[in-house]
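Subject: Structure handover and notes on salt bridges

Dear colleague,

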Amino acid sequence: MSDRASHKPYEQPTGGWGSVKSLVKHAKQQRALSAAPSLVRDHNKTGGYMCTSCAWAKPAKPHPAEFCENGAKATFWDLTSKRTTPEFFARHTVSELLNWSDHDLENEGRLTDPVRYDAATDKYTRVSWEQAFADIGEALKGYARKSVVFYTSGRASLEASFMYQLLARLYGNNNLPDSSNMCHETSSVALPQSIGTPVGTVLLEDYDKTDCIFSFGQNVGTNSPRLLHNLQKIRERDVPIVVFNPLRERGWEEFVNPQRPGQMVTNKATQIATQYHQVRSGGDIAAMMGIAKKLFEWDDAAIASGGSRILDHIFIAEHTHGFEAFEAKVRETKWDELLQACGLSRSAIEDAARTYVKAHSVIAIYGMGLTQHKLGVDNVQMLINLLLLRGNIGRPGAGICPIRGHSNVQGQRTVGIAEKADLAPLDKMAERYDFEPPREDGLNTIEACEGIVAGEVRAFIGLGGNFVRAVPERELMEEKWRDLELSVQIATKLNRSHLVTAKKTYLLPTLVRSEIDEQASGPQIVTMEDSTTCVHASRGKHKPASVSLLSEPKIVAEIAKATLGANSKVPWDDWVGNYALVRDEIEVCFPDDFRDFNQRLDSPGGFPRPIAARERKWDTDTGKANFKVPQALHSSFDDETDPDVLRLITLRSNDQFNTTVYGDADRLRGIHGSRMIVMMNRVDRERFGIKKNGAARLTTAVDDGVTRSMGGLQVVDYNIPVGTLAAYYPECNALIPLWHYAEESKTPAAKSVPVRIEPDRIVESGSQTSVA
Ligand SMILES: Nc1nc2c(c(=O)[nH]1)N[C@H]1C(S)=C(S)[C@@H](COP(=O)(O)OP(=O)(O)OC[C@H]3O[C@@H](n4cnc5c(=O)[nH]c(N)nc54)[C@H](O)[C@@H]3O)O[C@H]1N2
Ligand SMILES: Nc1nc2c(c(=O)[nH]1)N[C@H]1C(S)=C(S)[C@@H](COP(=O)(O)OP(=O)(O)OC[C@H]3O[C@@H](n4cnc5c(=O)[nH]c(N)nc54)[C@H](O)[C@@H]3O)O[C@H]1N2
Ligand SMILES: [Mo]
């Protein structure tokens, strides 16, 4: 990839020919064109496989082609004909590979064979599966139970995830962090306190009934593009869409549906957002409180004039708790405080409030722009407050809709991947599998990192993911990772976490979801849960990338057997032979969610889990939906008074799936040529004396004795609020302190990193951290 970035605002709509061109480019580059027909036939369709990329819902009546540019890209990269073989590892030392970029590593293609790190040659060499499992089992037997971590990234199926959590608990801990800890854990903490459910309340059918959408901190065009189909239909009913985002993301502006020939020929785009509010990073609580304040003002006027009420006072009285305290807070907060904190004008907030009030049923969508802040929990709860004011939860066309990340991240939590002991049905498992499960909470992602830094965690098993690259505080984490006794990485492609080796390191290659998973009883089905709580079956269609690959359930079972020995109550081999038996176990342990699991596998559109809040049943401490008073107006950091401290948002480009970097084209933002950039308002750039397209250095503005600094970043003039910067994840993770996370959920506050910026001499990739 070249080093210099170019920027020209992208004026084409999202979707359209731009996305078709990008798709063809990636199919060719990955030599995966032969997968194209199956993409149309099988992708997200009943009887086919579910997309590996995002978690957006799969409709009961799919489009002729139920995929988007980015889902197709992810699938082509999975079905690539490139291979990372033992011969590849024989040619390259691990030290050499550590200098490769994320893109270049994964671009080598699929891992084909189990390999083990050999420190003497600094190379990975082939190991037999039998040997690998025997070694790993032997090693695991030797550790204190609490010193082993079982991480999951959100792609593994419900079947693999269920077996994995059972492995951890039989082993003796609840150390089950997953990627969700860096993502929507904030939702899993905020939503239960407010409405008694850890997940969203909206079903796909609600999109056909809604009168209005509010969206906060989510980038639809890149991260959940199929949702644009729903939004387009909504816009054709003239339903307003109000967006709050510091960046004007193209997906929220205009869309051309590649599935509509007429629209493709005319290139006449559908306008998506009807209002776009470029809130400051971390300013959402204030913006939402402003809307609430307007509602109170108008409600007062309605009472005075005898007009119809603005607030749904009947719903509030019957279904909610904490209204008075919330009302008092909103009334006492001054407009100038609110406007200062959110950076919006009072008339902008009034416009949003007016649209909110005009609609009978409102859906609120949100993403990482709310969850990855210090007060992320308050952010989400403030959004719920706004919905409660007009009874917008628990009726058709209304509700809360967190857009989840990985394609099965929500489902993994549903089947017991949880470090919090009380979230898993331990009594049921104790009885069924005849063991005493650990009752103490395990480690989440941040606590696992702290444990590694402190030397208390001795071994790490990763069911997918790129942990070292995804977590904050990269330099320290990489250094301390090398002290681990054991790292076992179950993966599809090579990534940096495989190269930062422990004393013993195993790399175990596995199938991707679109590949045929052949076991004793024949080809297997796996299942996953989407963002709207619907559970789908998925059947792989493609020949596996290598004859040596094992499925995730098989790998988990073999590690379990090698570590724990035989257990007549847990017939690992039978389960691997027929995943329907694992689904029976899931049904026994989670009977409400998975009634008649095997019979309902092919329900069109998936079968929804029952969510009490949808029925206005509130499983909270008060038995009601709770209004929550936010702790502060700004969800960012405390050092607000220093004008030289800016807020850095770390986010995704259009050409990556998390740490898998497909290329350096952030097409929808018009940025090409390099990822080592920082988006900045021209006014800020000039204030800090940085030349146009010049280089800058970012230094984290915290006072903890550690200097975190990255130079050589090219500044791109960008339409972003003054005081807010944006740059790419994972490149900038070195700037985030480990302790900079959301209160309660411990989700890293990746959207509000306090930084200082200064001109740098040259544009160059590189980062540096040192202890002062
Ligand atoms: N193609 C593709 N799809 C993906 C992924 C991917 O990497 N590539 N990742 C998957 C995963 S794991 C996840 S979690 C999701 C992530 O999907 P998103 O939730 O969209 O996450 P981000 O791309 O990090 O960006 C979040 C958005 O929040 C905005 N934002 C930042 N700070 C604030 C703020 O303070 N307030 C407001 N209102 N907005 C803010 C940013 O400008 C950005 O548009 O996508 C999933 N889908
Ligand atoms: N600064 C900053 N940091 C962030 C974020 C941010 O916005 N800003 N976002 C956070 C979020 S939301 C998330 S979810 C995390 C992501 O953290 P992770 O989930 O740990 O990371 P991924 O990049 O999704 O993992 C990619 C790797 O997973 C493996 N893989 C892919 N498919 C499969 C499969 O089917 N099975 C198995 N076993 N392995 C597979 C491949 O080897 C690939 O290299 O990062 C977080 N970190
Ligand atoms: Mo995520």
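A salt bridge is taken here to be a side-chain nitrogen of Lys or Arg within 4 Å of a carboxyl oxygen of Asp or Glu. This is a predicted model, in which local features need pLDDT of at least 70 and side-chain atom pairs count only at pLDDT 80 or more, while totals for chains, interfaces and linings use all residues. Side-chain values use heavy atoms, with hydrogens and water left out, and residues are numbered from 1 along each chain as its sequence is written.

The structure holds 56 salt bridges, among them the one between Glu731 and Arg675, with N and O 2.7 Å apart. Glu731 sits in the loop between β32 (724-728) and β33 (753-759) and Arg675 in the loop between β28 (671-672) and β29 (677-680), so this bridge ties together parts 56 residues apart in sequence; helices (H or I, at least four residues) and strands (E, at least two) are DSSP runs, numbered from the N terminus. Glu731 is buried at a relative accessible area of 11%, and Arg675 is buried at 6%, where buried means under 20% relative accessible area, exposed over 50% and partly exposed in between (1.4 Å probe, protein chains only).

Salt bridges that share partners also join Lys294, Glu297, Arg346, Glu350, Asp351 and Arg354 into one network.

Asp573 and Lys561 form a further salt bridge, at 2.6 Å from N to O, which links helix α28 (residues 572-577), where Asp573 lies, to helix α27 (residues 552-564), where Lys561 lies. Asp573 is partly exposed at 47%, as is Lys561 at 26%.

Best regards

Note on methods. Chains lettered and ligands numbered in written order.
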